[in-house]
Amino acid sequence: MHRRRFLTNVGYAALGTLTFGALGLYAIQPRRTVLPFIAANNDALPLKPTTPKRVVVVGGGLAGMAAAYELLKRGFQVTLVERSVNLGGRLTGWNVDVNGETMATEHGFHGFFNQYYNLHGLLNELGLRGNFKPVKNYPILFKNKEAECFTNTTTLFPFNLLSVVDQAKSISIMDFNDPMGNIYELMRYDPKDTFARLDNIDFKTFCQGINQPMVDTIVEPFAHTSFNQFHQYSTAEGIKFFHFFYLGNPDGMGYDQTIDDAMTSVVTPLTERLKALGGTILSGMEVQHLIEQDGRITKVVLKHPGEMPAQDHSIDAADVETTWTPFWGSPTDLYYVKRDAQGEFHSVSGRCTHMGCPVGLDAATGGFACPCHGAKYNTDGVPTAGPTKMPLVAMNTTREGEQLRLSARATGTTLETDYVVLACDVPGLKEIVAHSTLSNKQFIESVEQLGVADPYIVWRIWLDRTMKPLDVPFYTTSGYQFTDSIAIYSQLQPQYQDWAERHQGSVIELHAYAVEPENVLPEEEVKRIMREELNLLIPELDGASIVYDIYTMQKNFPRWAPGDYSGRPGVETPIENLFLGGDFLRLEVPANLMEAATMTGRMAANHILVAEKLQENPIPSVDLVGPLVIG
């Protein structure tokens, strides 16, 4: 039935009813839409509150910046709290010293897709669209077969599918011959029906009902860009992903890249605009806990990254070595203790002062290293490399008989507030809720059940050999142990182009989107394998020497596992003045990645506007259902 319906839509001309076929094609085209307002008289409501209201936004990524921006425009008093030195979240960046030259780096390459309507709207308002340029092609490099390229052709459904088939070398129209109808599920996204039927099924199992060439060439390579393992990815989330990025929007697969680094192109000008609108930005601070009173959050208590909540920890003195020894006070509280030559004990927090990530011991120096963002510290906990400038936080250490009592310091800065938007990542949200005493157990459990995907790796390397220009600066790859995509930074950004020309070199960035547990190997082994994969991908760089590199492994992308959807928190919470923002939320509206973050930040702002009986902002979206959903 699904195949007959699809072929009817494709072959309207063959049926000889041109008028009917044209009307049918028009009816099933994906369209940009706008979410409905809560109040029927939205246009008649005032824009600004008569009495200024205080809002604390926690998290300076796209969700937090979008929420803060919308509320500041409306006259709210907004304080934005960000644990990093800079705003930006996964878009943030910092400077590194490349053999005596200061260069801007970031967490990795980002594509700004055409259907990021809320994000592009924000960029347009700020006058930042001139900081971008389009990417003309979307190639996939396979290890064991010829590369495939998907250019921006028609966006008219179903001819967009036919154009993909026409361009692809390893699939044909016969691959739509799908007796089980699974491939047509990708075209029938419906927020309620799709999740009710398919959320509990992993995407790999579901795709066993699709012809293998279609899976190998299109479905699996694209699905992997969700940063989740194929066999641990909800089928419903996978269908939503395809609907958003391809089948449910009228803008195709095109995307833009920033001309310069993301800090220069987006984050810094947006930060300056927030300040110009009167916003208070507290960077280098994070939330210790929330204080709830009478069903509302009334206070937000802050601390510095690296500081742990104010509590005592006891350990056996005999367990402490003369070198730094790690101890866990709880699943989130890590600290290091050592005994000096005089028998005195010293302890520091094991949390990086950049973004609070747990640091590990650096065997090469005897100090500490943060695997997430490349921060390194010497044996005294003083930073020597990476984005942070603050030393690891010292703790008070007192000996009581055979026990050591470690006292963690907390800043204790308190913000009083009328509304709170928690727009941090999953680990940050879980830590805040775990350390707060909140009344709603269902909300607490929904946050506790959130997870993060397997870690991802970004390795940027400066090489001493030039390479010929490639067609595009970014490639998705498939079939490699680690490398899932590759960005040619010496073709991407002027600063890197200049470095490559002056040094007759190249700058390449390799990404591993979701590293399986068995592949979480020592850094040097991962680098060795990824370098071998680079040599296969760009043979002319085989034998080139690495003159500088940045290697980071992070674990903060959302987990989209089967069965997660129903228990996932949404933008609204049971606490009337507490709202959430972020790309990990339960969102019936089809959006992913940076657009989901921006959209949920704007939605959180809208809920506050509604609570104050003010006009909502329009929230644009891709089509809410798939092209083969009837009625």
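A residue counts as buried when its relative accessible area is under 20%. Asp418 has a relative accessible area of 18%, so Asp418 is buried. The model described here is predicted.

- Asp418 sits in the loop that links β24 (414-416) to β25 (419-422).
- Which residues does Asp418 touch, beyond those up to four places away in sequence? They are Lys53, Arg54, Arg296 and Asn577.

- Strand β3 (residues 77-82) is joined to β11 by four bridges, and the two run parallel.
- Within this pair, Leu80 stands opposite Ile281 of β11.

**The three-strand sheet**

- Another open sheet has three strands, in the order β6-β10-β7. Here the pairing is antiparallel.
- β6 (112-113) and β7 (132-135) are the edge strands. Each pairs with a single strand, so one side of each is left without a neighbour in the sheet.
- Two bridges hold the antiparallel pairing of β6 with strand β10 (residues 255-258).
- Phe113 faces Tyr255 of β10 across this pairing.

- Where is His110 placed? It lies in the loop between β5 (101-106) and β6.
- Leaving out residues up to four places away in sequence, His110 touches Arg90, Leu91, Asp256, Gln257 and Met594.
- Asp256 and Gln257 from that list fall within β10, which spans residues 255-258.
- His110 and Val56 are 54 residues apart along the chain. Their C-alpha atoms are separated by 28 Å.

**Strand β29, covered on both faces**

- Strand β29 spans residues 506-512, and seven of its seven residues are buried.
- One face carries Ser506, Ile508, Leu510 and Ala512. The other carries Val507, Glu509 and His511. Both faces are covered.
- Seven bridges tie β29 to strand β26 (residues 456-463), in antiparallel fashion.
- Ile461 stands opposite Ile508 of β29.
- Strand β28 (residues 485-488) also runs antiparallel to β29, joined by four bridges.
- Ser485 has His511 of β29 as its bridge partner.

**The nonpolar cores**

- In soluble globular proteins, nonpolar side chains tend to be buried together.
- How many residues does the largest nonpolar core have? It has 170.
- Phe203 and Ile508 have the most contacts inside this core.
- Helix α16 (residues 593-611) gives the most to the core, with nine residues.
- A separate core has 14 residues, including Leu334, Cys357, Val359 and Phe368.
- Ile508 has contacts beyond its neighbours within four places in sequence. Among them are Trp459, Arg460, Ile461 and Leu463, which lie within the 456-463 span of β26.
- Ile486, Ala487 and Ile488 are also among the contacts of Ile508. These fall within β28, residues 485-488.
- Other contacts of Ile508 include Met467, Leu534 and Leu541.

**A helix pair**

- Helix α3 (residues 62-73) and helix α11 (residues 262-276) have axes that come within 10 Å. They cross at roughly 35°.
- Is this crossing left-handed or right-handed? The crossing of α3 and α11 is left-handed.
- From α3, the residues in the contact are Met65, Ala68, Tyr69 and Leu72. They meet Leu270, Arg273 and Leu274 of α11.
- By type, the residues of this contact are six nonpolar, no polar and one charged.

**Pro139, a buried strand residue**

- Pro139 belongs to strand β8 (residues 137-142).
- Its relative accessibility is 3%, so Pro139 counts as buried.
- Pro139 and Phe474 are 335 residues apart in sequence. In space, their C-alpha atoms are 8.0 Å apart.
- Beyond its neighbours within four places in sequence, Pro139 contacts Glu148, Cys149, Val472, Phe474, Tyr475 and Thr476.

Terms used. Residues are numbered from 1 along each chain as its sequence is written. This is a predicted model: local features need pLDDT of at least 70, side-chain atom pairs count only at pLDDT 80 or more; totals for chains, interfaces and linings use all residues. Side-chain values use heavy atoms; hydrogens and water are left out. Buried means under 20% relative accessible area, exposed over 50%, partly exposed in between (1.4 Å probe, protein chains only). Two strands pair if DSSP finds at least two bridges between them. Axes are lines fitted to C-alpha atoms, for helices over the stretch in contact, and angles run from 0 to 180 degrees between N-to-C directions. A crossing is left-handed if the near helix is turned anticlockwise from the far one by less than a right angle, and right-handed if clockwise. Contact means heavy atoms within 4.5 Å. Ala, Val, Leu, Ile, Met, Phe, Trp, Tyr, Cys and Pro count as nonpolar, Asp, Glu, Lys and Arg as charged, and the others, Gly among them, as polar. A nonpolar core is a set of buried Ala, Val, Leu, Ile, Met, Phe, Trp, Tyr and Cys residues joined through side-chain atoms within 4.5 Å.
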